[in-house]
Amino acid sequence: MILLGGSLATAAPVYRIETVATGLARPWSLAFLPDGRALLTEGAGRLRLLVPDAQGRLNLQAAAVTGLPELYTEGQAGLFEVLPDPDFANNQLLYLSYASGTREANHLQVVRARLDGMRLQDVRPLFTSQPAKPYGQHFGARMALLGDSTLAIALGDGNVERTDAQRLDTHLGKIVRVTRDGRVPADNPFVDRPGALPEIYSLGHRNPQGLVWVADRQALYEHEHGSKGGDELNLIRAGANYGWPLTTGGVDYTGARITPFRDLPGITPPLLEWTPSIAPAGMTWYDGTGFPAWRGSLFVAALREKSVRRIPLVDGKPGQQELLFQELDQRLRDVRSGPDGNLWLLTDGKDGQLLRVAPG
């Protein structure tokens, strides 16, 4: 246990960081269930269950949940997001995103399944990205359940042909929106456009790694990796174009210019841009009771920066950012707001950890 506080922007509340689980193989996402349990995904291909003990502490079960669909786990591919259905207490339904296929031809796939003890039952495909792409890169894969019973899914550009993010005949570099049973909503922005894939909700994304619906604000926030610089935080609107690769604040990894433009007519600018890159990963909205000074903020986990950035939203606009948890010196893959009022962190890598941030 570590007792710490302090920040670059303001005096942070005193907090302690507790280690809940270790030895995780590329942990990727965390979701809390209404009965006090939690689910955790590992990119290497395991869905893990955490169960509270008599004192209410979450403990990782030794066995993994069985019944997963067949996964592709090379490179950045693997098991990604897990989301419980809003009516999970009655229907035990989950949504899972993962990579399927082979190195030569793979997809981002989303299924709905019912959690029955330690096994998934009634696994049903809801969405499969089109077309198949080569290589195990830039899947995106974050999901968010919106307030209108639809599901938003963020997809990367595949890192092969950048301009796919601007084309409406491919899901690459898009956010798509489907119903919770996989149908296309009739009010999707491109549903009546000839040649466009009807699931597309927004376009011009590089590699989205955070997607959060804030019900009180009726707002969908997304963040994504730029190339070398140009990481972005965006407010997502139906039909909007977020620019990649026509506009960006970053350059190629070789140092070559990707585009001369940082903005263009018809392109929605980001709320925030991070250059140099922080490599944003997971994201959560915090409105809990554990840290009153942090309420009304987005929290962004960062891999390269080895931090969490707190971004207060004031009248819908980002306020002064606060750097947190750099004392861990860990690449951080995900950050979640728990029902206990605490923050929860997943560290990245082959020996990842689940950490709980509680008031000190």
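Author: Strands (E, at least two residues) and helices (H or I, at least four) are DSSP runs, numbered from the N terminus. Two strands pair if DSSP finds at least two bridges between them. The model is predicted: local features need pLDDT of at least 70 and side-chain atom pairs count only at pLDDT 80 or more, while totals for chains, interfaces and linings use all residues. Residues are numbered from 1 along each chain as its sequence is written, and side-chain values use heavy atoms, with hydrogens and water left out.

Reader: Which residue takes a positive phi in the hairpin of strand 16 and strand 17?

Author: Gly-229 does, with a phi near 90 degrees; the hairpin has 5 residues between its strands.

Reader: How is the pairing in a sheet to be read, and what is the strand order in the open sheet of 4 strands?

Author: Strands of a sheet pair through backbone hydrogen bonds, either parallel or antiparallel. Here the order is 15-16-17-18, with antiparallel pairing. Strand 15 (207-214) and strand 18 stand at the edges with a single partner strand each, so one side of each has no neighbour in the sheet. From one strand to the next the twist averages 20 degrees (axes are lines fitted to C-alpha atoms, for helices over the stretch in contact, and angles run from 0 to 180 degrees between N-to-C directions).

Reader: How many bridges join strand 15 to strand 16, and how many join strand 16 to strand 17?

Author: Strands 15 and 16 are joined by 7 bridges, and Asn-207 stands opposite His-225 of strand 16. Between strand 16 (residues 219-225) and strand 17 there are 5 bridges, with Tyr-221 opposite Leu-235. A further 3 bridges join strand 17 to strand 18 (residues 272-274), where Leu-272 is the bridge partner of Leu-233.

Reader: Why is strand 17 described as largely enclosed by the rest of the structure?

Author: Buried means under 20% relative accessible area, exposed over 50%, and partly exposed in between (1.4 Å probe, protein chains only). In strand 17 (residues 231-236), 6 of the 6 residues are buried, so the strand is largely enclosed by the rest of the structure. Both of its faces are covered, with Asp-231, Leu-233 and Leu-235 on one side and Glu-232, Asn-234 and Ile-236 on the other.

Reader: Is Ser-227 buried or exposed?

Author: Ser-227 counts as buried, at 4% relative accessibility, and lies in the loop between strand 16 and strand 17. Not counting residues up to four places away in sequence, Ser-227 touches Arg-206, Trp-244, Val-251, Asp-252, Tyr-253 and Ile-258 (contact means heavy atoms within 4.5 Å).

Reader: How many residues line the largest pocket?

Author: Its lining has 34 residues, of which Leu-83, Trp-213, Thr-284, Arg-336 and Ser-337 lie nearest the centre. Strand 15 supplies the largest share of this lining, 5 residues.

Definitions and conventions
1 Å grid on protein atoms, 1.4 Å probe; cavity = no way out; pocket = protein on both sides within 12 Å on 5 of 7 lines; lining within 4 Å.
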